[in-house]
Amino acid sequence: MTRYMPQAVRKTGLILFPAFDWCITPDHPEREERLLYTRDQIVEEGLEDVDGIEFFNPELAAYADIDRVHLCAPSSKALLTESHLISAGGAVRAAKAVMEKEVERAFAIVRPPGHHAMQTVFGDRGFCVANIEAVMVEYLRRHYGVRRIAIVDTDCHHGDGTQDIFYNDPDLLFISLHQDGRTLYPGTGFQNEAGGPAAQGYTINLPLPPGTGEEGFSMVTDRVVLPLLDAFKPELVLNSAGQDNHYSDPLTNMNFTAQGYARLNKAINPDICVLEGGYSIEGALPYTNLGIILAMAGLDTGNVREPDYDPQRFVQSALMNGQIEGICQNALEIFAARKKWDTSVCRGEEAVERKSIYYDTTGFGVDQVRHYKLCPDCPGYTEVEASGAGELLHGFTVPFNACSRCQQAARDAFTRAAKAKGSREQVVLQDRVADIYETA
Amino acid sequence: MKTVGIDVGGTNADGVLLEGERLLAKAKIPVDHDNLSGVIIALLEKLLGDSAGEVDQVHLSSTLCTNAIVNGEMDEVGMLVQAGPGLNPEFLDCGENLVFLDGAIDHRGGLIQSPPVAVVDAALADFSAKGLQSIGVVTKFSHRNPQVEQELARKAASFPHVTCGHNLSGLPNFPRRVYTTWINAGLKTRFQQFSEAIHAGVKRLGITAPLSVLKADGGTIPLERAEAVPCESVLSGPSASVMGALALTPREKDFVVLDIGGTTTDIGLFADGVPLMEPYGVTIMGRPTLIRALNTRSVGLGGDSEVKRTADGYVIGPQRHGVPAAFSEGKITGATPSDAMVVLNRMEGNRERATEALHLLLPNNPPEETAREVLLTFGHNIKLAVDQMVEEVFARPVYTVSALLDRQRLEPAEIIAVGGPAEALRGELAAAFDLPCEVPLNYEVANAIGAARTRPTLSASLYANSSDGTLSIPEIGLHEKIGRSFDMKDAEERLAAAIRHLAAQAGLEGELPPVEFVEREEMNTVRGFSATGKVIALKAQVQPGLANV
Ligand SMILES: [Zn+2]
Ligand SMILES: [Zn+2]
């Protein structure tokens, strides 16, 4: 506007949509009140008047945008409410704002989150139904031809859904910083989870000990995240900006701060951020969100502190530092040994992966077998069979970077499976090259 | 009921005398910006003659405060500001005497830490030594908890004037609160002098009717009350023209009001017959404020705008060309939309000179055709500006799923145009918008009529947190304890009472226009895993509208 308000160094878009009329249940962490205090802080700061910070309303994602990513049982229409479409649409709006050059950076502060939603979706998992980053990624690829993307997931919980969706994609580098899975939901994200057969070393997990603070996060950022981003050379860097690493979060055990989040964001320098978790709704979120916004916009973050912030409280022990150093070393070795085809894990024409997936919100399990089909020219298509909650799903997925032979092979396999299908079974062809979602 | 409306513009001051809706008399005199009260008194004298005693009320729209800000003629203000965590507040630019105080209030209005006493005392001593008369005090989140501002105001009570941020608006937005407070405190002396001069002049003329001034929000406020909140009278001109258009052509649909002048066109929007408001307030001299205002835009398109011809077509404005060829003598240096209107015989003027101006603009085109093209471009450019405004209104942030799904874009059904060139542009405007365009009778005094016909407006906001047990209505400085059972119905009652309190404070007698409640927010609060209470936010307002006559 003028010199009477601060001027953003980088034009930054905000999709601030707190969905004050939506909750999972009234006393659930994912309730109406969650972003109330964040909205109040952002508005009181006058960010709407800061030159170079633009506010956008979310749009509604189309079911086709969801179906490009997920295989939903019984269907995306049956599982997703308007609120989910708005949350995903908020992420899509952020991507559009950047790609259409309305802004240089964008941050979707939306809810519900998405990073626990896997490729197959039978219900709500860890507060997530649709993986909003993944929806955004495939949208970017479909509509803007973006190929290489890095996602840095800084939520305190392992981004198991995002990992699952892009596990076999060598054009997507997924780095997750999280509290060690032995001590926190969802209990995964160990360093040996390093990618599917076509993308070994493109999933990098950094499980951090409970109590990790600014020092530990700085160490993994400087030693692992930044060098890997440099080496991978993505066209876009996305940040799943969960804020439950905060020292006041009620669901986790970490020691991170608003100052730390601001510095982390400055270092990673993401093109697009999407809010994930973060449930210290009064003591953390107003400050961590503000810190991230100001960092993205290139504004001074020095004054963004929790009212009770005292740096002395967050000194890490030498033991913990040593532990984190070891994790960094492992991660660097995994990435250094990355390769696009690891035939040692394959038997014959495919590699097989079995998973049991627990849906915590309503409490049921899904058993899943995934077949990664080998191809010398592309990551290959995948076949997945998953059953649970009375649903039987049989899907064939052609990734966006598949070759035409794999595309045809998946179509043939789908046709055969559709002919042979049982009465309860739903057979799906998800072809991201042709942008087709067909069911039988 | 006999009402006088006065509108002081940039060049002329217009006055009207109305009996009910009927126009009894109108008058116009040139403006002397150094003596606005004198201009107003002279205009009243010219308008009323011997019948001054019969007038029932007088409404003034004056440029006094706007000019004082634009010309930097405000009082030096001693500012005490507590920012707390957040944006680095160093950008705040309000004079030499701005002191930042440590301490904080949080987003729920919780007092984290009071400002340090020694720093406050030293600052006030310094302000006093410098001879400052006006003090402004502002904290972040004072709309949720005014206690720190109130305490600072008590400490500054020995100064002739103190403005507290929370009294001016219950809206959030700390930088705007700071600028609003600074502007209000800085206008104190000038406005007081103006008010005294008006009172004296009116007395001399024998006018005994109550005096009100027009606000930017399309409402009025009694002159005595305005002495405490002079900032409210800033930028009342566009609100006079919007309300004037409503008075001349009342209707209940979506429509657009255009006040086309020599240099600029002011645009106002109506939804279902009610003027749209700015979400926060006016921006003046680049400073965003919380001064409630109608949603208006001023674009650099007017009868005297400079017209240029480029490879892309005609470019009109935003610069003013000066007096159009059709109305001046001497060398013709350029063309204006007014020249085009004269060439097409839609306006009186020297047609020969106007034709020559258009010929110079585009030598190989018949001047009549150039004239038509220029005016079509004018209409088209206005349409673009209106479209952009409509889009901005549609794009305002919403925070609930239902609000997002229910959003509707304003769909104007008619254009109302006032101002000098309005009649001459009617066809082009109708064509550009593909809508009927009306130019009402008496449009040349629309602003004065708007000033005359406007009724008072009031607003107040409430924030209650029954989990913390606190209630705050900043506009009346209220901050008190409430019980767990406080609900939306209680909130409505407390706010209605606050509006009545504000009305009494403003000296408004008789029945108030209906109070409406807007922007309801109600959310359960959960701590740990159990419900602890509710957060309730609510606003009440008396909308701008026409007074019953
Ligand atoms: Zn989380
Ligand atoms: Zn292939």
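A:P186 is placed in the loop of chain A that runs between strand 7 (172-179) and strand 8 (203-208). In this predicted model, the peptide bond leading from A:Y185 into A:P186 is cis, and its omega lies near 0°. A cis peptide bond is also assigned between A:R111 and A:P112, where omega is about 0°. A:P112 likewise belongs to a loop of chain A, here the segment between strand 4 (105-110) and strand 5 (120-121).

In chain B, backbone geometry is of note at two residues other than glycine. B:M285 is not a glycine, yet its phi is positive, at about 50°. The residue is located in the loop that links strand 16 (283-284) to strand 17 (287-288) of chain B. The relative accessibility of B:M285 is 42%, and the residue is therefore classed as partly exposed, a category that lies between the limits of 20% for buried and 50% for exposed residues.

A positive phi, of about 55°, is also found at B:D434, again a residue that is not a glycine. B:D434 occupies the loop between helix 14 (422-433) and strand 22 (437-438) of chain B. With a relative accessibility of 67%, B:D434 counts as exposed, because this category applies to values over 50%.

Conventions: Residues are numbered from 1 along each chain as its sequence is written. Chains are lettered from A and ligands numbered from 1 in the order in which they are written. This is a predicted model: local features need pLDDT of at least 70, side-chain atom pairs count only at pLDDT 80 or more; totals for chains, interfaces and linings use all residues. Side-chain values use heavy atoms; hydrogens and water are left out. Helices (H or I, at least four residues) and strands (E, at least two) are DSSP runs, numbered from the N terminus. Buried means under 20% relative accessible area, exposed over 50%, partly exposed in between (1.4 Å probe, protein chains only).
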